[in-house]
Amino acid sequence: MTKNDQKRAPISRAEIDRRIIAAFLEEDDPALEEVVPGLSAADIRRRAVEIGLSRALVRDSRLSGDRLAMRACVRCDARFLSVGPQNRLCRACSRRDT
Ligand SMILES: [Zn+2]
């Protein structure tokens with residue numbers, strides 16, 4: 001990819017999160033600086049921590065075959081890192097349930 005290609009299309013926040021999740025699911029040690037044009041490996045790592053993407057979660061997701069993805073909470077509509085289609089409550093809302 002050339003520098004011009006990188007400047008052309010701004011990437012949405014949702015797309016950035018999707019790419020970060022995919023990169024970590026595909027590889028144990030992804031080449032982070034290639035995941036999102038314009039974001040450094042440090043930026044990507046920071047965002048992964050922000051959304052709660054951990055090595056343990058990635059490993060569990062691989063083992064179970066569940067599909068990690070950012071999904072909207074059915075109660076408060078916040079986007080959160082969901083471990084599968086059955087996981088539709090964000091952490092704050094599921095805490096309120098218990
Ligand atoms: Zn919620």
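Residues are numbered from 1 along each chain as its sequence is written. Because the model is predicted, local features are reported at a pLDDT of at least 70 and side-chain atom pairs at pLDDT 80 or more, whereas totals for chains, interfaces and linings use all residues.

The protein chain contains five helices and two strands, where helices (H or I, at least four residues) and strands (E, at least two) are DSSP runs numbered from the N terminus. Read from the N terminus, these elements follow the order α-α-α-α-β-β-α, and the C-alpha trace spans about 50 × 30 × 20 Å along its principal axes. Of the 98 residues in the protein chain, 14% are buried; a residue is termed buried if 20 or more other C-beta atoms lie within 10 Å of its own, exposed if 12 or fewer, and partly exposed in between, with C-beta atoms placed from the backbone. Among the contacts with a separation of 6 or more, 36% involve residues 24 or more positions apart, a contact being a pair of residues whose C-beta atoms, placed from the backbone, lie within 7 Å.

Helix α2 comprises 14 residues, 13-26, and extends 20 Å from its first C-alpha to its last, close to the expected 20 Å, a span defined as 1.5 Å times one less than the number of residues. Within α2, the residues D17, I20, I21 and F24 are buried, and since they fall within an arc of 95° when seen down the helix axis, they line one face of the helix; the arc is that of the directions from the helix axis to the C-beta atoms. In general, an α-helix has 3.6 residues a turn, so residues three or four places apart point the same way. On the other side of α2, E15 and E26 are exposed. R13, which also lies in α2, is exposed, with 10 other C-beta atoms within 10 Å, and its C-alpha atom is separated by 19 Å from that of V83, 70 residues apart along the chain.

The buried residues of α2 pack against α3 (41-50), α4 (55-64) and β1 (69-72). In the packing of α2 and α3, I16, I20 and F24 of α2 meet I44, R47 and A48 of α3. The axes of these two helices are 10 Å apart and form an angle of about 95°, where axes are lines fitted to C-alpha atoms, for helices over the stretch in contact, and angles between N-to-C directions run from 0 to 180 degrees. The two helices are therefore roughly perpendicular to each other, a class that covers 65 to 115 degrees, with angles under 35 counted as roughly parallel, over 145 as roughly antiparallel and the rest as oblique.

Strands β1 and β2 (residues 79-82) pair in the antiparallel sense over four bridges, pairing being assigned if DSSP finds at least two bridges between two strands. In this pair R71 stands opposite F80 of β2, and six residues lie between the strands of the hairpin. D77, in the loop between β1 and β2, has a positive phi of about 75° although it is not a glycine. D77 counts as exposed, with 8 C-beta neighbours inside 10 Å.

A further loop residue, P10, is found between α1 (3-8) and α2 and is exposed, with 8 other C-beta atoms within 10 Å. The C-alpha atoms of P10 and R47, 37 residues apart along the chain, are separated by 17 Å.

Notes
Two residues are in contact if their C-beta atoms, placed from the backbone, lie within 7 Å.
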